[in-house]
Amino acid sequence: MPTSLARRRAIIVGAGQSGLAVAAALSAEGLRPQQDFVVIDAAAPGHRSWSSRWHSMVLLSDARHSALPTRRYPGDQRSHPRVDEMVDYLKVVEASIGVETAWGVRVTGAERRGDGSTLHLSTTAGEVQTRNIVCATGAAAHPRLPEWASALTVPGVAIHSSSYQYPRQIPTPDVLVIGGGNSGLQIARELAASHTVTMAVRTRRAHRPLASYPLAAGGRRPLFGGDLRPEPVFGDSYERLQQAGVRIAPAVAGVHIATAVTHARGGAVTFEDGTTASPGSVIFATGYLPGDDWLPDEARIRGTRRTTTPVPGLFVAGFPQYSRRGVDTIAGVSADATAIAHHIINRP
Ligand SMILES: Cc1cc2nc3c(=O)[nH]c(=O)nc-3n(C[C@H](O)[C@H](O)[C@H](O)COP(=O)(O)OP(=O)(O)OC[C@H]3O[C@@H](n4cnc5c(N)ncnc54)[C@H](O)[C@@H]3O)c2cc1C
């Protein structure tokens, strides 16, 4: 274990906006980066999850609502940042707090041993002890795929929206976008200019104007104990997509396994109305799974605890499941960060 991680009062896991928000809040409480707390991240130096989004992506939140309280987003506050601009912005935030992230260090587990006053963090660089750990590894960390996804074979590509980068990636003239949320809508919109696009939609989400994103996505309504409602779609709408030539289909129920002996796997999908289709390519815009998979089972009790877990000293930032709606947005995460900083400062 690099000595720079040892004997720190807190270790923040994740150098995205949530980790940096916690770093800023600890700093505001008088804790010194590198000396009192460290930030570690599995990614290559400077890589943020925004770096992996599709190239044309523009944030739904405007500049005013795409910033942490420590630093105003530069320029016109009504403009919507591009993803590469967000990456630059977070780099500036990191430098302004004085954080030197330890990149390339993946956390694999955390546990409490003995009397529980010390936590043990397992990482790819070794094990380290600390009194406080903050999990800031992202509410949208891993692709969520339907169970039948691996049984689908198509002539072109079948990828999750997290791997979609630009239209040239889709080698076939037609593509089926599975999922009618904001990612599905934006990707279908981009591909409609160059491909024949079908979008499979299970639940037609409520439509909201783009300007309402900060309130509707980053609102303050507590949703303790229950499932979060599906996020509305912002800006674009199913109707406008149809006008652009996108066919809206029912949800996909599964893979249609052909009976011909030459087809060992399914090249067609069955929609919920019983119809089938054989798409050239498929994009699964089916959402994400949270990055809390490295937490011990006893900590993964989600709900009303507002950033704390049943493991003393183990905190979670940026996950609505552990806190409240909106903390997974840039404008919303500081509520978690401030609460965690208070907890850490007040722990013996
Ligand atoms: C497609 C999409 C569009 C979005 N658009 C908006 C928007 O317009 N406005 C808005 O406010 N929000 C938006 N969000 C929500 C949110 O702002 C982003 O998901 C944001 O990236 C969350 O930041 P984070 O710091 O919580 O997590 P992340 O950005 O995912 O950062 C987590 C970090 O943890 C690291 N990590 C993960 N696992 C480990 C591990 N085991 N060990 C060490 N490090 C690890 C990762 O490398 C990563 O750097 C969007 C989300 C998605 C998916």
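**View 1. Five strands line up in an open sheet in the order β8-β17-β9-β10-β13, with parallel pairing.** Strands here are DSSP runs of E with at least two residues, helices are runs of H or I with at least four, and both are numbered from the N terminus. Two strands pair if DSSP finds at least two bridges between them. At the edges sit β8 (158-160) and β13 (247-250), each of which pairs on one side only. Neighbouring strands of this sheet are turned by 25° against each other on average, direction ignored; the axes behind this angle are lines fitted to C-alpha atoms, and angles run from 0 to 180 degrees between N-to-C directions. Before you go on, please note that this is a predicted model, in which local features need pLDDT of at least 70 and side-chain atom pairs count only at pLDDT 80 or more, while totals for chains, interfaces and linings use all residues. Residues are numbered from 1 along each chain as its sequence is written.

**View 2. Here we zoom in on strand β9 (residues 174-178) and a partner, β17 (residues 281-284).** Four bridges connect β9 and β17 in the parallel sense. Look for I178, which stands opposite F284 in β17. Strand β9 is also joined to β10 by five bridges, and these two run parallel. There, V175 has V197 of β10 as its bridge partner. Strand β10 (residues 196-201) is largely enclosed by the rest of the structure, because five of its six residues are buried. Buried means that 20 or more other C-beta atoms, placed from the backbone, lie within 10 Å of the residue's own; exposed means 12 or fewer, and partly exposed is in between.

**View 3. This view turns to β2 and its partner β1.** Four bridges join β2 to strand β1 (residues 8-13), and the two run parallel. Within this pair, I11 has V38 as its bridge partner in β2. Five of the five residues of β2 are buried, so this strand is largely enclosed by the rest of the structure. In a regular strand the side chains alternate between the two faces of the sheet. In β2, F37, V39 and D41 point one way, V38 and I40 the other.

**View 4. Around the ligand we find a shell of 34 residues.** G14, G16, G138, G318 and T329 come nearest; a residue counts as near if its C-beta atom, placed from the backbone, lies within 6 Å. The elements giving two or more residues to the shell are α1 (17-28) and β2 (37-41). The largest share, three residues, comes from α1. By type, the shell holds 16 nonpolar, 13 polar and five charged residues. In this count, Ala, Val, Leu, Ile, Met, Phe, Trp, Tyr, Cys and Pro are nonpolar, Asp, Glu, Lys and Arg are charged, and the others, Gly among them, are polar.

**View 5. The largest nonpolar core has 85 residues.** Such a core is a set of buried Ala, Val, Leu, Ile, Met, Phe, Trp, Tyr and Cys residues joined through C-beta atoms within 7 Å. I11, V22 and V134 have the most contacts inside this core, and α1 gives the most to it, with seven residues. Domain 1 (8-141 + 290-346) and domain 2 (144-287) both contribute residues, so the core lies between them. The domain bounds come from an automatic or database domain assignment. Taken over C-alpha atoms, the centres of the two domains are 29 Å apart.

View 6. G235 counts as partly exposed because it has 19 C-beta neighbours inside 10 Å. G235 and L185 are 50 residues apart in sequence, and their C-alpha atoms are 9.7 Å apart in space.
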